Amino acid sequence: MSLPTIGIPCCRWKLESGHFYHLVGEKYIAAVVGAGGLPLLIPALGAIHSEHILAQVDGLLFTGSQSNIEPHHYGSPTLPDDFNDAERDATTLPLMRAAIAAGIPVLGLCRGAQEMNVAFGGTLHQQIQTLPNMLDHREPEGDIAKMYGPAHEITLNPDGLLRQLYGQDRAWVNSLHQQGVNQLATGLISEATAPDGLIEAFRVADAPAFNLAVQWHPEWQFQDNPLSIAIFNAFGAACLAHHQQRTQG
């Protein structure tokens, strides 16, 4: 049986050599393979190839990144020392909207979740840690195991898709971000919240296919985490179903 093709949009970074590279972290590639898919890396070339890309893929994984979405996309000013990736924005924001409209399964992780909210007209907090009564959602100092360790609990919407997939009301997740949902876009619904009320998971309510956005990093050692397994199994199954429909007519 052939595998579903799952596209992963790249980040565009200038390395110390002065050259630009289009990059995807290996942990995301491994998670796509674990979900039963064949990863296809999509360069950050803007929206000009969106139609062709959508004709070739059975799902899209929008990854986390060290970069942030340029704040003009949601009506906020650029902060000092903000690290943005305009080429990724130009690729992912229209691709996200087009994929969901076309019924292609979508999974957004961390920055990818923020892209889903912004793509549909939502806004972001740029520095959650500076807001009153909010947790510091940034990663702790230490080695990579500590950075990706459980950081806080989330409460799952009892009527939500994520609750249905996972089968439990609460879960512990990692936290490696300082931006997050401020105003959730019209047409999106919350799937889980942090103890401070921050929306940690959501989806497009009336989309024709599977879609989910989560603010944490389920791709990190996904095979050892029941919630991550549930997310990637559901995403992989949706991509396989799309692949069978696409290839068998």
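**Close-up A. Ala 35 lies in the loop between helix H1 and strand S4.** The model is predicted, so local features are described only at pLDDT of at least 70 and side-chain atom pairs only at pLDDT 80 or more, whereas totals for chains, interfaces and linings use all residues. Residues are numbered from 1 along each chain as its sequence is written, and side-chain values use heavy atoms, with hydrogens and water left out. Helices (H or I, at least four residues) and strands (E, at least two) are DSSP runs numbered from the N terminus. Ala 35 has a relative accessible area of 13% and is therefore buried, a term that stands for under 20% relative accessible area, with exposed meaning over 50% and partly exposed the range in between (1.4 Å probe, protein chains only). Leaving aside neighbours within four places in sequence, Ala 35 is in contact with Phe 232 and Gly 236, where contact means heavy atoms within 4.5 Å. Leu 93, which is 58 residues from Ala 35 in sequence, lies 24 Å from Ala 35 in space, C-alpha to C-alpha.

**Close-up B. Helix H1 has three buried residues, Tyr 28, Ala 31 and Val 32.** These residues are on the same side of H1, because they cover an arc of only 100° around the axis, the arc being that of the directions from the helix axis to the C-beta atoms. The partners against which the buried residues of H1 pack are S1, strand S4 (38-42), strand S5 (59-62), S6 and H7.

**Close-up C. The largest nonpolar core contains 32 residues.** A nonpolar core is a set of buried Ala, Val, Leu, Ile, Met, Phe, Trp, Tyr and Cys residues joined through side-chain atoms within 4.5 Å. The members that touch the most others are Leu 61, Leu 107, Ile 154, Leu 162, Trp 216, Leu 227 and Ile 231. Among the elements that give two or more residues to this core are strand S1 (5-9), helix H1 (26-34), strand S6 (106-109), helix H6 (161-166) and helix H7 (226-248), and H7 supplies the largest share, 7 residues. Not counting residues up to four places away in sequence, Ile 231 touches Leu 107, Leu 162, Phe 210, Leu 212, Val 214, Trp 216 and Pro 218. A second, separate core has 28 residues, including Leu 54, Ala 185, Leu 188 and Ala 213. In soluble globular proteins, nonpolar side chains tend to be buried together.

**Close-up D. Strands S8 and S9 run antiparallel and are joined by 4 bridges.** Two strands pair if DSSP finds at least two bridges between them. Within this pairing, Ile 154 stands opposite Ala 171 in S9. The covered face of S9 carries Ala 171 and Val 173, while Arg 170 and Trp 172 are on the uncovered face. In a regular strand the side chains alternate between the two faces of the sheet.

**Close-up E. Tyr 148 and Trp 220 form a stacked aromatic pair, 4.5 Å centre to centre with 25° between the planes.** Rings of Phe, Tyr and Trp (its six-membered ring) pair if their centres lie within 6.5 Å, and planes under 30 degrees apart count as stacked, over 60 as edge-to-face and the rest as tilted. The pair links distant parts of the chain, with Tyr 148 in the loop between helix H5 (144-147) and S8 and Trp 220 in the loop between S13 and H7, 72 residues apart. Tyr 148 counts as buried at 15% relative accessibility, whereas Trp 220, at 21%, is partly exposed. The rings of Phe 222 and Phe 232 form a tilted pair, because their centres are 5.7 Å apart and their planes stand at 55°. Both Phe 222, at 14% relative accessibility, and Phe 232, at 1%, count as buried. A search of the whole structure finds 4 aromatic pairs.

**Close-up F. Cys 10 and Cys 239 are shown in a structure in which the search finds 0 disulfides.** A disulfide is a pair of cysteine sulfur atoms within 2.5 Å. The closest cysteine sulfur to that of Cys 10 belongs to Cys 11 and is 7.6 Å away, too far for a bond. For Cys 239, the nearest cysteine sulfur is that of Cys 10, 17 Å away. Cys 10 counts as buried at 4% relative accessibility, as does Cys 239 at 0%.
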